[in-house]
Amino acid sequence: VVDLTDWRNPMPVSARLALLEAAEPGPQVIAELACFDVETLSEFDQVVLLRTLEKARHWLDAIQQPVLAAVAGEPGTHDWGREEVAAALTLSKQTADRRITAARNLSGCLTATLAALRAGRISYWHAAHLAAQTAGLAVDLAREVERLALPKALGDGTRPGEGLAAFRRTVTRALIEADPAQTEKQRKAARTDRRVAMWPTAAGTATITAEGLAADQAERIITALRYWSTKTGADDPRTRDQRMADALVDICDDALARAELTPRQARRATTSLVIDHDTLLGLTEHAGWLDRYGPITPDYARELATDSEYRRLVTDPLTGHLLDHSPHTYRPDAALARYVTARSRICDGIGCNRPADQCDLDHTIRYTDGGTTTTDNVHPGCGRDHNLRHDGGWKLKQDPDGTTHWTSPAGHTYLNPPWDYRPLE
């Protein structure tokens, strides 16, 4: 045992780092690591420092799990503690839900996994994946999966621990070996929850995933795209991946061309494009906004602004405001609905990213309690965030500009301002 804080024990930097890497992570190790100047280290020692810092982060992740589980509270029908976690950590609800699931399982039955995480021997992502895959299982079954899979992540003297991709496969094998019937039940549940999702990536591009498909169905889709992508000339400069991606768009365009949409479906298919006046004229280069997607580049925004399929909303670059409208009936008319959804863009709930046009328009002060159907008392809210006030114990206040103040049962207040259309500078 060497006292690294004792000045009478001078030690070369490399040796000092080696001792810290071998030590159990904790507050003293973290304090020591913060004292190194990375610019003065050799390339070899920089890698050692990186590994040691990663171990220290895993220790902190382990310390956080029981705290996270305590804040979330006991699991229930609605799990209202999810919103507190999402607001406190500025996470989306889905991410908060995944973090809570992992924390409850690691703090409960997966004690060996939590201990390995605390020792810095596995990453949080290894622990979280194992926790997610064993969530909902009986304690003895979850621990059996842990017994089979965890050693592969830890490694031994003859081989290193598995990376995350390999460990995912190991966990799947462990689930099947521990209880084939339960794994089959999970497979059927995943099929029930199958869905297609989209999220923005780089400005103006997006990623689409199809989750929960049967393996043979997924293979048929890939085969169809490969076949469709070959229907081009030999001089086509696109790569096979590019042709397959374009083939997916072609197939969907063909399906839309054949579809007979109702007026309501046609309205839902119409997407709003937001661009400020000066950018539209080419005088400035500010990001635009595409509904159900997010920020896009100025060139792309101007390109889409000429397309009649998009509802174009031009904003004042100085104030970032749209024109107001304030009817006094219970149900918001079309003008107020357009304004409120354009003002917020997404659900006004904490950590929620559901598009505003897919939400209900909710009265902050109930209409039956004297609340008016005006822009300062109406906001878009998804079904869960609507019930968050009535059943979850949260309180809501709304400012005239649309800013919402959410106060949790724990007494913390979180502000959620309306969308700001002004450029970042």
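Tyr-124 is buried, with a relative accessible area of 8% (buried means under 20% relative accessible area, exposed over 50% and partly exposed in between, with a 1.4 Å probe and protein chains only). Trp-125, by contrast, is exposed at 54%. In this predicted model, local features need pLDDT of at least 70 and side-chain atom pairs count only at pLDDT 80 or more, while totals for chains, interfaces and linings use all residues. Residues are numbered from 1 along each chain as its sequence is written, and side-chain values use heavy atoms, with hydrogens and water left out.

Tyr-124 and Trp-125 form an aromatic pair of the edge-to-face kind, at 5.3 Å centre to centre and 75° between the planes. Rings of Phe, Tyr and Trp (its six-membered ring) pair if their centres lie within 6.5 Å; planes under 30 degrees apart count as stacked, over 60 as edge-to-face and the rest as tilted. The count under this rule comes to two aromatic pairs.

The mean pLDDT of the protein (the predictor's confidence in each residue, from 0 to 100) is 83, and 88% of the residues reach 70 or more. Helices (H or I, at least four residues) and strands (E, at least two) are DSSP runs, numbered from the N terminus. Over residues 322–329 the pLDDT is below 50, and this stretch has 26 contacts in the model beyond near neighbours in sequence (contact means heavy atoms within 4.5 Å).

Ile-346 lies in the loop between helix 16 (334–344) and strand 7 (360–363). Its relative accessibility is 23%, so Ile-346 counts as partly exposed. Leaving aside residues up to four places away in sequence, Ile-346 touches Cys-352, Asn-353, Arg-354, Pro-355, Ala-356 and Pro-380. The C-alpha atoms of Ile-346 and Asp-291 are 9.2 Å apart, with a separation of 55 residues in sequence.

An open sheet is formed by three strands in the order 9-10-11, with antiparallel pairing (two strands pair if DSSP finds at least two bridges between them). Strand 9 (395–398) and strand 11 (413–416) stand at the edges with a single partner strand each, so one side of each is left without a neighbour in the sheet. Strand 10 (residues 404–407) is joined to strand 11 by four bridges, and the two run antiparallel. Within this pairing, Thr-404 stands opposite Asn-416 in strand 11.
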